[in-house]
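Dear colleague,

Please find below the sequence and the structure that I am handing over to you.

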Amino acid sequence: MSKRIAILQSNYIPWKGYFDLINSVDEFIIYDDMQYTKRDWRNRNRIKTNNGLFWLSIPIDVKGKVSQKIKDTKISNKNWGKEHWKIIAHSYAKAKFYKEYKDLFEDIYNSLKTEYLSEINYRFITETNKILNIKTKLTFSSNYILRGDKTERLVDLCKQVGATEYISGPAAKNYIESSLFEGAEITLKWMSYDGYKEYEQLYPPFSHYVSIIDLIFNTGIEFKNYMNSF
């Protein structure tokens with residue numbers, strides 16, 4: 001029996017490509033054992049505002065030279081959720097489907113009690129999966145035994161979950177050793193984020209590289225027409 005998986009660090013309110021990757025596999029492993037990196041997608045993402053693209057960043061308690069793992073990374077300001085929702089509500093109040101999804105997202109922001117970034121990201125990812133009707137199994141790398149380094153780890157994780165096919169984001173082409181997948185008889189495929197159609201988006205010019213909430217608030221149940229995996 002074939003089984004497709006992907007392994008990727010969690011992102012804060014990720015863009016549509018992230019969810020296309022999740023929807024393209026049978027199991028999506030959140031790589032929470034990786035080192036937390038500053039100025040990355042782990043704790044921030046962009047939305048559209050009337051003043052242009054805007055970064056929403058979760059304040060992080062960074063210790064020393066950032067040697068902590070993603071799963072151990074904590075927030076530094078308990079009021080960040082209220083502040084983020086205030087900005088989102090103001091920016092998307094005029095979006096076509098804002099009222100339809102407003103209560104759902106507002107509830108997430110108001111009910112988040114955890115101080116761990118990985119748990120915050122997981123909550124947004126799972127709730128968004130429900131909206132998009134994505135049924136993919138989500139697990140954490142910390143649930144498995146990690147052996148080897150970089151590509152070796154990925155191959156070993158594939159073996160542990162019985163994967164026959166591994167789908168990777170294109171950025172990993174810089175370091176993945178494809179020969180290790182070949183040796184393990186696991187098919188390596190690359191995710192493509194080409195060909196996305198534009199939709200009616202607030203505040204031109206159009207940008208694909210924004211949080212999934214932009215697509216949801218602007219297109220509602222028509223989101224499938226603007227993603228590649230459906």
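Helices and strands are named here as DSSP runs, numbered from the N terminus; a helix is a run of H or I of at least four residues, and a strand is a run of E of at least two. Please bear in mind throughout that this is a predicted model.

I begin with the open spaces. The largest pocket holds about 810 Å³ of space. Its lining consists of 31 residues, and those nearest its centre are Leu8, Gln9, Trp41, Arg42 and Ala171. Five elements each supply at least two residues of this lining: strand 1 (4-8), helix 1 (16-23), strand 3 (44-49), helix 5 (151-160) and strand 8 (165-168). Strand 8 provides the largest share of the lining of the largest pocket, namely three residues. By class, the lining of the largest pocket comprises 18 nonpolar, seven polar and six charged residues.

The second largest pocket contains about 260 Å³ of space. It is lined by 15 residues, of which Ile75, Lys78, Asn79, Leu112 and Lys113 are the closest to its centre. Helix 2 and helix 3 are the elements that give two or more residues to this lining. Which of the elements gives the most to the lining of the second largest pocket? That element is helix 2, with three residues. The lining of the second largest pocket divides into five nonpolar, six polar and four charged residues.

The largest cavity holds about 30 Å³ of space. The residues that line the largest cavity are Lys16, Tyr199, His208, Val210, Ser211, Ile212 and Leu215. Four of these lining residues are nonpolar, two are polar and one is charged.

I turn now to the packing of the helices. Two packed helices are described by the angle between their axes and by the distance between those axes.

Helix 2 (residues 80-92) packs with helix 7 (residues 212-219) at an angle of about 40 degrees, and their axes are 11 Å apart. Helix 2 and helix 7 are therefore oblique to each other. The crossing in which helix 2 passes helix 7 is right-handed. On the side of helix 2 the contact is made by Trp85, Ile88 and Tyr92, and on the side of helix 7 by Ile213, Asp214, Phe217 and Asn218. The contact of helix 2 with helix 7 has five nonpolar residues, one polar residue and one charged residue.

The second pair is formed by helix 3 (residues 98-111) and helix 4 (residues 117-132), whose axes come within 11 Å and cross at roughly 160 degrees. Because angles over 145 degrees count as roughly antiparallel, helix 3 and helix 4 are described as roughly antiparallel to each other. Helix 3 and helix 4 also make a right-handed crossing. From helix 3, the residues Tyr101, Leu104, Phe105, Asp107, Ile108, Tyr109 and Ser111 meet Arg123, Phe124, Glu127, Thr128 and Ile131 of helix 4. By class, the contact of helix 3 with helix 4 has seven nonpolar, two polar and three charged residues.

Yours sincerely

How values were computed. Residues are numbered from 1 along each chain as its sequence is written. This is a predicted model: local features need pLDDT of at least 70, side-chain atom pairs count only at pLDDT 80 or more; totals for chains, interfaces and linings use all residues. Side-chain values use heavy atoms; hydrogens and water are left out. Axes are lines fitted to C-alpha atoms, for helices over the stretch in contact, and angles run from 0 to 180 degrees between N-to-C directions. Angles under 35 degrees count as roughly parallel, over 145 as roughly antiparallel, 65 to 115 as roughly perpendicular and the rest as oblique. A crossing is left-handed if the near helix is turned anticlockwise from the far one by less than a right angle, and right-handed if clockwise. Contact means heavy atoms within 4.5 Å. Ala, Val, Leu, Ile, Met, Phe, Trp, Tyr, Cys and Pro count as nonpolar, Asp, Glu, Lys and Arg as charged, and the others, Gly among them, as polar. On a 1 Å grid over the protein atoms alone, a cavity is a set of points where a 1.4 Å probe fits but cannot get out, and a pocket is an open set with protein on both sides within 12 Å along at least five of seven lines; lining residues have an atom within 4 Å of a point. Grid points are joined across faces, edges and corners, and a volume is the space filled by probe spheres set on the points.
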